[in-house]
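Hello,

Please read them with the coordinates open.

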Amino acid sequence: MVKDIRQKVREVLIITLILNMTVVVIKGVIGIITGSLSLQADALHSVTDGVNNILGLVTNQLSSPIPDRDHPYGHQKFEALGALGIAVFLGIACFEILQSAIARIFSATEAITIDTIQLWLLLLVLGINIFVAFYERGVGRKLGSQILIADASHTMGDVWVTITVLAGLIAIWASNQGYIIALQTIDIWLAFPVAFLVFKSGWDVLQNNIPWLVDQMAIAPEAIYHTVMEVEGVINCHDIASRGLLGRQVFIEMHLVVKPKDVETAHLITEEVEKKLEQKFYPARILIHVEPSSYESDHITFEDNR
């Protein structure tokens, strides 16, 4: 019997969501108070950690989706639509950060002031990021949850961004204390790579969700073909199509030619084909059109018909 880990995964995602939102608030408030562009950009980058938690919760909730009358193919695309909204938000935020950074380069601006309390708060934030990354990865490996492992990897990327920004702010603090030469402009220049990472996060969201929305091929037809041909009684399968997102939900369609001519035996073979495909590409919904042997075709998929 397969163990249902969804409840435990949901608990971990809720805990990390609360911690990630705490990080966003602290970074954002200190960034606005100090006027640090790099820290404001880092706060926006941290927003994606919280968004990943939310999308993870949605995905976890829909891991065994039940179709209904209005949505016979499930509800997963609502998640993709939400993700596209986040990508737009990140794109606009990136533009605003870059615009502010360029304006500061060509105009005189107030010096950034940061005190030791704010620095200690940012060190606390860094500690939270590190804890979240290792906590999620540890539980993810223990449970075998790809959602948690992937989210932990993204959070670890945020750790390195925070370290870079924090190093720049420490340099500015030391400069203000007279310990080193003036380094006020370092914050402006750090805003550019962090803004780039914000843009990359948005771009990754687009790349992960647009193929799902436009029904791009989910599984190579050759992989489906070889799996189906392993079933005894199958002569040929062709016009193979797939859509969805592997690991979340895929839909597979094909035309199948079988040896038996009676309906009952042909039905049993198609059920075996469905079972084999479900085991390999779970979760999957499969539609098979059975044809007589005279309909055998060399065209595995629609690409071959051009």
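Predicted model: local features only at pLDDT ≥ 70, side-chain atom pairs only at ≥ 80, totals over all residues.

Glu 230 is exposed, with a relative accessible area of 57%. The side chain of Glu 230 meets that of Lys 276 in a salt bridge, at 3.4 Å from N to O. Lys 276 belongs to helix 8 (residues 263-281) and Glu 230 to the loop between helix 7 and strand 1, so the pair ties together parts that are 46 residues apart in sequence. Lys 276 has 27% relative accessibility and therefore counts as partly exposed.

How many salt bridges does a search of the whole structure find? The search finds three. Besides the pair above, Lys 27 and Asp 42 meet through their side chains at 3.1 Å, N to O.

Asp 215 is in the loop between helix 6 (186-213) and helix 7, while Arg 243 is in strand 1, so the parts tied together here are 28 residues apart in sequence. Asp 215 is partly exposed, its relative accessible area being 36%.

The sheet and what lies on it

Three strands make an open sheet in the order 1-2-3, with mixed pairing. Strand 1 (234-245) and strand 3 (284-291) are the edge strands, each pairing on one side only. From one strand to the next, the twist averages 15°. Strand 1 pairs with strand 2 (residues 249-258) in the antiparallel sense, over nine bridges. As a reminder, strands of a sheet pair through backbone hydrogen bonds, either parallel or antiparallel.

Which residue of strand 2 is the bridge partner of Asn 236? The partner is Val 257. Asn 236 is also in contact with Ser 297, as is His 238, leaving aside the neighbours of Ser 297 within four places in sequence. Ser 297 is found in the segment after strand 3. Is Ser 297 buried or exposed? Its relative accessibility is 17%, and the cut-off for buried is under 20%, so Ser 297 counts as buried.

Helix 7 (residues 221-228) lies across strand 1 and strand 2. The helix runs at about 135° to strand 1.

Val 198 is in helix 6. At 2% relative accessibility, Val 198 counts as buried. Apart from neighbours within four places in sequence, the contacts of Val 198 are Ala 41, Leu 44, His 45, Leu 90 and Cys 94. Val 198 and Ala 93 are 105 residues apart in sequence, yet their C-alpha atoms are 8.1 Å apart in space.

A nonpolar surface patch

Ile 102, Ile 105, Phe 106 and Trp 189 make a nonpolar surface patch of about 470 Å². Of these, Phe 106 is placed in the loop between helix 3 (77-105) and helix 4 (116-143). Phe 106 has a relative accessible area of 72%; the cut-off for exposed is over 50%, so Phe 106 is exposed.

Regards

Methods: Residues numbered from 1 in each chain as written. Heavy atoms only, no water. Pairing = 2+ DSSP bridges. Helix = DSSP H or I, 4+ residues; strand = E, 2+ residues; numbered from the N terminus. Axes fitted to C-alpha atoms, helices over the stretch in contact; angles between N-to-C directions. Contact = heavy atoms within 4.5 Å. Patch = residues over 30% accessible without salt bridge, like charges linked within 9 Å, V, L, I, M, F, W, Y side chains within 5 Å. Areas by Shrake-Rupley, 256 points an atom, 1.4 Å probe, with all protein chains shown as cover. Salt bridge = Lys/Arg side-chain N within 4 Å of Asp/Glu carboxyl O. Buried < 20%, exposed > 50% of the residue type's maximum accessible area, 1.4 Å probe, protein only.
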